[in-house]
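My notes are below the structure.

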Amino acid sequence: MSVLVTGGAGYIGSHMVLELLEAGENVVVLDNLSTGFWWAVPSSVTLVKGDMGDEALVLKTITDHDVTSIIHFAAKIVVPESVADPLGYYLNNTAKTRQLLECAVKGGVKNFIFSSTAAVYGDVSSEPVAEDNELTPVSPYGRSKLMTEWMLQDTAFAHGLNYVILRYFNVAGADPKGRVGQSTPNATHLIKVACQAALGDRSSLDIFGNDYPTPDGTCLRDYIHVCDLAKAHMDALSYLRAGGKSDVFNCGYGIGLSVQEIVNVVKKVSKVDFKVNLSPRRPGDPAAIVAKADKIRDILGWKPEYNHVEGIVQDAFAWEKHLKTRNDV
Ligand code: UD1
């Protein structure tokens with residue numbers, strides 16, 4: 001019995017693979033290496049290089065490795081990019097997941113854990129948002145993921161697949177042991193970009209908008225450590241295997257931090273007063289998005305271990321420093 005991790009060579013997927021190995025699971029990774037890295041997959045794990053839209057390859061992988069559970073990370077994730085290239089997002093995130101789901105059904109897979117996003121909620125108030133909130137995504141990225149949630153729910157109902165949908169808030173940080181981290185060269189994540197500015201890899205950091213209806217005018221987000229997120233998937237897997245009912249859960253801490261606050265923490269941790277510019281709003285950005293985070297704790301028994309922003313920034317900064325020493329990234 002194996003767990004198939006799509007996107008397992010990418011940022012979150014690579015942390016998931018380590019977590020699964022530590023739990024003694026058999027793991028197979030499917031990744032087209034468009035943004036992931038072969039070296040992020042431990043040598044003990046089979047890495048199938050290919051696309052989740054390649055039905056023959058996916059079905060063969062499911063059969064060859066006796067895959068009973070799929071954890072599906074492979075996706076495009078950059079909100080402004082989705083505004084510029086909506087069809088690319090609907091192809092990659094929605095249409096190709098449809099192919100993956102068809103293979104899951106044909107291959108008799110039992111459990112499916114899907115990486116969804118807080119972006120499905122759209123422009124909410126700064127109050128924490130619960131899973132049953134209205135879903136009105138404001139970006140093609142959010143819509144591509146919401147369409148996939150619906151497709152998964154319909155497929156599960158028709159074919160007896162069990163699922164957990166995890167709606168990620170802002171994922172950040174890196175493996176505290178320094179094995180993997182966010183390595184995409186042109187990543188746009190705030191904490192990563194700020195760490196690069198602190199290390200002099202960028203001349204400055206732009207704050208996109210300081211006229212939002214938030215306490216300091218900059219956007220509020222709920223930043224979650226990538227290792228706590230990987231742990232949430234382990235809890236979801238155990239829950240489904242124990243017969244838990246298919247469901248949707250927010251993955252966040254319920255703590256809203258502004259862009260300005262994050263910049264201040266990165267300056268404090270790095271001890272570098274890097275240059276910050278005030279820039280216009282970025283298309284597709286909601287003003288605030290913070291998780292109501294009790295359902296996942298109550299039902300999946302999830303217990304976050306890294307819910308301190310300074311620790312998240314320390315791990316992200318350590319990984320960014322490490323990346324500078326490598327010539328394969
Ligand atoms: C992130 C995720 C998205 C997830 C969403 C949930 C990424 C790439 N995207 O989007 O998958 O669905 O969280 O909330 O991780 N900012 C700046 N300057 C910068 C970079 C960012 O001011 O150089 C601001 C943005 O305008 C935004 C905040 O920082 O207000 C966070 O941006 P970012 O890290 O790109 O993540 P999201 O767009 O929130």
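**Ground rules.** I'm working with a predicted model, so to speak of local features I need pLDDT of at least 70, and side-chain atom pairs count only at pLDDT 80 or more, while totals for chains, interfaces and linings use all residues. Numbering starts from 1 along each chain as its sequence is written, and side-chain values use heavy atoms, with hydrogens and water left out.

**Domains.** I looked up the domain assignment, which gives domain 1 as 2–172 + 223–251 and domain 2 as 190–221 + 254–323; such bounds come from an automatic or database assignment. Their C-alpha centres lie 23 Å apart.

**Interface.** I counted contacts next (heavy atoms within 4.5 Å): 37 residues of domain 1 touch 31 residues of domain 2. About 2,900 Å² is buried between the two domains, 69% of it from carbon and sulfur atoms. Buried area here is the accessible area (1.4 Å probe) that two parts lose on being put together, summed over both. Y223, H225 and D228 supply 26% of what domain 1 buries against domain 2, more than any other three residues.

I checked for salt bridges (a side-chain nitrogen of Lys or Arg within 4 Å of a carboxyl oxygen of Asp or Glu), and the rule finds one across the interface of domain 1 and domain 2. K295 and D247 meet through their side chains in a salt bridge at 2.7 Å, N to O. Helix 7 (226–241) is among the elements that each supply at least two residues of the side of domain 1 touching domain 2.

**Strand 4.** Helices (H or I, at least four residues) and strands (E, at least two) are DSSP runs, numbered from the N terminus. Strand 4 (residues 67–72) has six of its six residues buried, so it is largely enclosed by the rest of the structure; buried means under 20% relative accessible area (1.4 Å probe, protein chains only). I then looked for its partners, where pairing takes at least two DSSP bridges. Strand 1 (residues 2–6) runs parallel to strand 4, joined by five bridges, with V3 opposite S69. Strand 5 (residues 111–117) also pairs with strand 4 in the parallel sense, over four bridges, and H72 has F114 as its bridge partner.

Last, I found a three-stranded open sheet in the order 12-9-14, with mixed pairing. Strand 12 (257–258) and strand 14 (288–289) are the edges, each pairing on one side only. Strand 9 (residues 220–221) pairs antiparallel with strand 12 over two bridges, and L220 is partnered by S258.

Methods: Buried means under 20% relative accessible area, exposed over 50%, partly exposed in between (1.4 Å probe, protein chains only).
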